[in-house]
Amino acid sequence: MENEKKAPKTLGATDSETLSVMGGNYRILASGKETGGAFATIEMMVPPGGGPGPHAHPQFEESFYIVDGEVEVKSEASTYIAAKGAFVSIPKGGIVHGFKNKSDKMAHLLCMVVPAGLEEMFLEMGQPVKSGEFLPPPTMDPETAKKMAAVAEKYGQKLFPPDYLG
């Protein structure tokens, strides 16, 4: 029955698994498995100095809403300081971008990807942690960087050197 009514999904503030991904904590609020692949929503807690380096993903859109704190968003087109209340949308097409928390306070973001799939990468890359427990980012030796690039590529992303966007 295609028009079957489904109950709303609800999560408390500490419900759902928290993953340590490159030094930040990511909590998957809605996965592609739950949305029929339409979208995924991920809560991100990004400590000072944290955030993904330059990368591109031509097959999906990624949007961020800054709940608290601020991040510097760099792309091939511009640099933008996204502070509390800001919204950033990275369109399909593969523009190289990344963000960093350059402040001394935690940044809290909501990330939505359309279609879903990015959350699967985080599940593969990440390590389960307790809410509020932060692990240091892994040392990016050549072997670790190669593994990360392979996992990213598996999920439609390409990683670029840290200095790619200047």
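Reader: How many bridges join strand E6 to strand E7?

Author: In this predicted model, local features need pLDDT of at least 70, side-chain atom pairs count only at pLDDT 80 or more, and totals for chains, interfaces and linings use all residues. Residues are numbered from 1 along each chain as its sequence is written, and side-chain values use heavy atoms, with hydrogens and water left out. Strands are DSSP runs of at least two residues and helices (H or I) of at least four, both numbered from the N terminus, and two strands pair if DSSP finds at least two bridges between them. Strand E6 covers residues 70-75 and strand E7 residues 79-83, they run antiparallel, and the number of bridges joining them is 5.

Reader: Which residue in E7 is the bridge partner of Val71?

Author: E6 and E7 form a hairpin, with 3 residues between the two strands. Across this pairing, the partner that Val71 finds in E7 is Ala82.

Reader: Which residues have the most contacts inside the largest nonpolar core?

Author: A nonpolar core is a set of buried Ala, Val, Leu, Ile, Met, Phe, Trp, Tyr and Cys residues joined through side-chain atoms within 4.5 Å, where buried means under 20% relative accessible area, exposed over 50% and partly exposed in between, with a 1.4 Å probe and protein chains only. The largest such core has 27 residues, and those with the most contacts inside it are Met44, Val71, Phe99, Leu109 and Phe122.

Reader: Which residues is Phe99 in contact with, leaving aside its neighbours within four places in sequence?

Author: Contact here means heavy atoms within 4.5 Å. With those sequence neighbours left aside, the residues in contact with Phe99 are Met44, Val46, Gly50, Gly51, Pro52, Phe64, Val71, Glu72, Val73 and Leu109.

Reader: Where is Pro115, and is the peptide bond from Val114 to Pro115 cis or trans?

Author: Pro115 has its place in the loop between strand E10 (107-114) and helix H2 (118-125). The peptide bond that leads from Val114 to Pro115 has omega near -10°, and it is cis.

Reader: What is the phi of Ser16, and is Ser16 buried, partly exposed or exposed?

Author: Ser16 is found in the segment before strand E1 (18-21). Its phi is near 85°, a positive value in a residue other than glycine. With a relative accessible area of 33%, Ser16 is partly exposed.

Reader: Where does Met22 lie, and what is its phi?

Author: Met22 lies in the loop between E1 and strand E2 (24-30), and with a relative accessible area of 33% it is partly exposed. Met22 is also a residue other than glycine with a positive phi, near 55°.
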